[in-house]
Amino acid sequence: MVNNAGIVRDGLLAMMPADDWSAVLGSNLDGSFHCARAALQTMMSRKSGQIVNIASVGGMRAQVGQANYAAAKAGLLALTRGLAREVGRYGIRVNAVAPGFIDTDMLAEMKASDKGAALLEDARAKQIPLARFGKPEEVAQTVGFLCSSAASYITGHVLVVDGGLCA
């Protein structure tokens, strides 16, 4: 099972509406809890399975105006590690992928504003050693690896796919 939920409602915490906080935590963290809990019933009875949570480097390296997103994705990283310890004895592996800037609809929304486009260009040029944004296929291939037998002894791990942003 792959938990791939993610929304943003950016804003400074001091002025953030409680609904924005709740929406981001609800989608990005609570949704993964509910989906994992439902899938675990079958996985535990089969004594096998894989769960991959799509987190974000934002859960490890928060950005200004994204305290809610950072909290949700950091919580997802903690959920991944804790759940891996709980269900490993049932043959279930739980890992996370933490993408950086990936060329998705979410990134396109940022590019649409002058301020967002400038911030992204600065990040691409100065902060990402590979000097480009990632492709969705690169994240998908990483998820595929974690679900494959090639990763049969990997659990509780966070695999960062960010072009070196967090290096």
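What covers the buried residues of helix 4? Before we get there, a word on the model. It is a predicted one, in which local features need pLDDT of at least 70 and side-chain atom pairs count only at pLDDT 80 or more, while totals for chains, interfaces and linings use all residues. Residues are numbered from 1 along each chain as its sequence is written, and side-chain values use heavy atoms, with hydrogens and water left out.

Let's start with helix 4 itself. Helices here are DSSP runs of H or I with at least four residues, strands are runs of E with at least two, and both are numbered from the N terminus. Helix 4 has 14 residues and spans 19 Å from its first C-alpha to its last, close to the 20 Å expected at 1.5 Å a residue (the expected span is 1.5 Å times one less than the number of residues). Gly116, Leu120 and Ala123 are buried in this helix, where buried means under 20% relative accessible area, exposed over 50%, and partly exposed in between, with a 1.4 Å probe and protein chains only. Seen down the axis of helix 4, the buried residues fall within an arc of 60°, so they line one face; the arc is that of the directions from the helix axis to the C-beta atoms. An α-helix has 3.6 residues a turn, so residues three or four places apart point the same way. Asp114, Lys115 and Lys126 are exposed on the other side of helix 4. As for the opening question, the cover over the buried residues includes helix 3 (105-112), with contact meaning heavy atoms within 4.5 Å.

Follow the chain onward to the loop between helix 4 (114-127) and helix 5 (136-147), and you will find Ala131. Ala131 has a positive phi of about 55° although it is not a glycine. Most residues other than glycine have a negative phi. Ala131 is partly exposed, at 36% relative accessible area. Lys47 also has a positive phi, near 60°. Lys47 sits in the loop between helix 1 (18-46) and strand 2 (49-54), and counts as exposed at 55% relative accessibility.

Now for side-chain pairings. The whole structure holds one salt bridge, that is, a side-chain nitrogen of Lys or Arg within 4 Å of a carboxyl oxygen of Asp or Glu. Glu138 and Arg132 form a salt bridge at 2.7 Å, N to O. Glu138 is partly exposed at 25% relative accessibility, and Arg132 is partly exposed at 35%.

Disulfides, pairs of cysteine sulfur atoms within 2.5 Å, number zero in the whole structure. For Cys35, the nearest cysteine sulfur belongs to Cys147, 15 Å away.
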